[in-house]
Amino acid sequence: MLIQKKIVKRISLVVLLFAVGAHKEVLSVKRKADHKILNTILERWSPRTMSGESLSQDELMSLFEAARWAPSSYNNQPWRYIYAEKDSPEWQKFFNFLVSQNQEWCKKAAALIVVISKDTFDFNGKPSRTHSFDAGASWENLAIQGNAVGLVVHAMQGFDYDRVKKELNIPDGYSVEAMIAVGKPGKGGNLEALQEMEEITQRKPLSETVFKGTFISKS
Ligand SMILES: Cc1cc2nc3c(=O)[nH]c(=O)nc-3n(C[C@H](O)[C@H](O)[C@H](O)COP(=O)(O)O)c2cc1C
């Protein structure tokens, strides 16, 4: 029994590595940075194909740990994460927040996470102008960490913000920012199938988003 379990674990690992390798190969063909950047940044993306397997507590907590180390104005750390794991009593409530297009692929997620941010500073109670910006930095840490260890991490705005606020007892003074689906990559690792199923996105050129000296509105 123990040997069988070990063999299953070993096969899962090989399949996982293959799937991750396939993802990376597709990304390196489809994405080219115009200037040299870290591969961990270029290779972060938002797949939707997940296997339905659960994550270990270590895997899940590593994501939040990465999020924890983001910079923020006055080191206020305004981000808060509320999560539900698949097969937990809270899962259905979180799943029901999502629009049906997101439910379609999130049914195979291991966890759904709601990101909120506190809109005042802890030290003086005054409004923070950057609470959403800070929460965005934190989410990106989470995403980069997850991608780097071969997990699917996918942010979403396609859900009912009012319902989240009400049903998760979020008081005034906190903003609901986004939801995140996390999970193990879907198996099957076939390059063509992956390319068809998933969208490898590109980016606007720097000339449209970076300005020397003054802003010029281009869109
Ligand atoms: C805040 C935020 C909200 C998003 N909302 C959704 C969503 O509701 N559904 C979805 O399928 N993808 C969603 N996405 C994923 C984006 O479409 C994706 O990040 C973008 O196309 C860039 O692709 P990449 O993440 O693979 O680089 C969201 C991403 C972010 C950051």
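Tutor: Gladly. In β2, Val114 is the bridge partner of Ile82. This is a predicted model, in which local features need pLDDT of at least 70, side-chain atom pairs count only at pLDDT 80 or more, and totals for chains, interfaces and linings use all residues. Residues are numbered from 1 along each chain as its sequence is written.

Student: What makes β1 and β2 a pair?

Tutor: Strands are DSSP runs (E, at least two residues), helices are runs of H or I (at least four residues), and both are numbered from the N terminus. Two strands pair if DSSP finds at least two bridges between them. Strand β1 (residues 79-85) and β2 have seven bridges, in the antiparallel sense, so they qualify under that definition. Ala84 opposite Leu112 is another example.

Student: How many bridges join β2 to β4?

Tutor: Eight, and β2 and β4 (residues 174-183) run antiparallel. Ile113, for instance, stands opposite Ile180 in β4.

Student: What is the strand order of the open sheet?

Tutor: The order is β1-β2-β4-β3, four strands with antiparallel pairing.

Student: Why are β1 and β3 said to stand at the edges?

Tutor: β1 and β3 (152-156) each have a single partner strand, so one side of each is left without a neighbour in the sheet.

Student: Why is β2 called mostly covered?

Tutor: A residue is buried if 20 or more other C-beta atoms lie within 10 Å of its own, exposed if 12 or fewer, and partly exposed in between, with C-beta atoms placed from the backbone. In β2 (residues 111-118), seven of the eight residues are buried, so the label follows from that cut-off.

Student: What makes a set of residues a nonpolar core?

Tutor: The members are buried Ala, Val, Leu, Ile, Met, Phe, Trp, Tyr and Cys residues joined through C-beta atoms within 7 Å. The largest such core has 32 residues, and those touching the most other members include Ala111, Ile113 and Val115. β2 gives the most to this core, with six residues.

Student: Which residues does Val115 contact, leaving aside neighbours within four places in sequence?

Tutor: Contact asks for C-beta atoms, placed from the backbone, within 7 Å. Val115 is in contact with Trp79, Tyr81, Ala135, Trp139, Glu177, Ala178 and Ile180, leaving aside those sequence neighbours.

Methods:
Contact = placed C-beta atoms within 7 Å.
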